[in-house]
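Work through the following exercises with the structure in view. Each task is followed by a solution in steps.

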Amino acid sequence: MNDYQHILLAVDFSEHSEYVAEKAKSLAYKYQSKLSIIHVLDNIPMPDTNYGTIISMYADSGYELLEVEKDKLKQLGRYLGVAVDQQRLVWGLPKQEIIAFANEQQTDLIVLGSHGRHGLALLLGSTVNAVLHHAICDVMAVRLPTL
Ligand code: AMP
């Protein structure tokens, strides 16, 4: 098996996110790969911007909730040693934005949880199910305890 050179961690900041992040961290360490993170904002009020707009990690914002999400991503990025330009915060549909970022960055592995905030509507959660079907690289669904 080839070593992974660029791993993408998709994080929804739900209960088990840290566990998924630890998996991605240890894989990145094992393969000495570059690591990127994406968090998709799909549940907060839209500010005056286009759907799917990339949010600069440097930009100021008056939206408190957005600042909270930005901070969480920055903190996780610091913990994982991910450069700010490899941290993506974007509004949109998680499955679409995860695939788009993975393709753009040419990652060779996407790491996500087996379910997240959307629960267990399917045997696998809705986001991971869609990513598994549409990704052009490997996908690791980290098995999480059922709630
Ligand atoms: P779900 O299929 O939506 O239950 O979520 C499964 C996994 O997809 C989660 O454990 C995360 O790794 C990822 N994911 C879900 N929603 C998001 C999101 N908004 N941003 C980034 N990753 C997400």
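**Exercise 1.** State what share of the contacts in the protein chain with a separation of 6 or more comes from residues 24 or more positions apart.

*Solution.* Begin with the term: a contact means heavy atoms within 4.5 Å. Among contacts with a separation of 6 or more, residues 24 or more positions apart account for 77%. The model is a predicted one, in which local features need pLDDT of at least 70 and side-chain atom pairs count only at pLDDT 80 or more, while totals for chains, interfaces and linings use all residues. Residues are numbered from 1 along each chain as its sequence is written, and side-chain values use heavy atoms, with hydrogens and water left out.

**Exercise 2.** Describe the secondary structure of the protein chain and the order of its elements.

*Solution.* Helices (H or I, at least four residues) and strands (E, at least two) are DSSP runs, numbered from the N terminus. The chain has four helices and six strands. Along the sequence, these elements follow the pattern β-α-β-β-α-β-α-β-α-β.

**Exercise 3.** Determine whether histidine 6 is buried or exposed, and name its polar partner.

*Solution.* First, locate the residue: histidine 6 belongs to strand β1. Second, apply the cut-offs: buried means under 20% relative accessible area, exposed over 50%, and partly exposed in between (1.4 Å probe, protein chains only). Histidine 6 has a relative accessible area of 7%, so it is buried. Finally, leaving aside neighbours within four places in sequence, histidine 6 is in contact with residues including Gln86, Gln105 and Gln106.

**Exercise 4.** Explain why glutamate 104 counts as partly exposed, and find its side-chain partner.

*Solution.* Glutamate 104 is in helix α3 (residues 94–105). Its relative accessibility is 48%, and therefore glutamate 104 counts as partly exposed. Its side chain makes a polar contact of 3.2 Å with the side chain of glutamine 105.

**Exercise 5.** Identify which helices each supply at least two residues of the lining of the largest pocket, and classify the lining.

*Solution.* The lining includes Phe13, Ser14, Glu18, Lys72 and Tyr79. The helices α1 (17–31) and α2 (64–80) each supply at least two lining residues. The lining divides into six nonpolar, two polar and four charged residues, where Ala, Val, Leu, Ile, Met, Phe, Trp, Tyr, Cys and Pro count as nonpolar, Asp, Glu, Lys and Arg as charged, and the others, Gly among them, as polar. A pocket here is an open set of points on a 1 Å grid over the protein atoms alone where a 1.4 Å probe fits, with protein on both sides within 12 Å along at least five of seven lines; lining residues have an atom within 4 Å of a point.

Terms used:
Polar contact = N/O pair within 3.5 Å; in protein donor to acceptor, adjacent residues only side chain to side chain.
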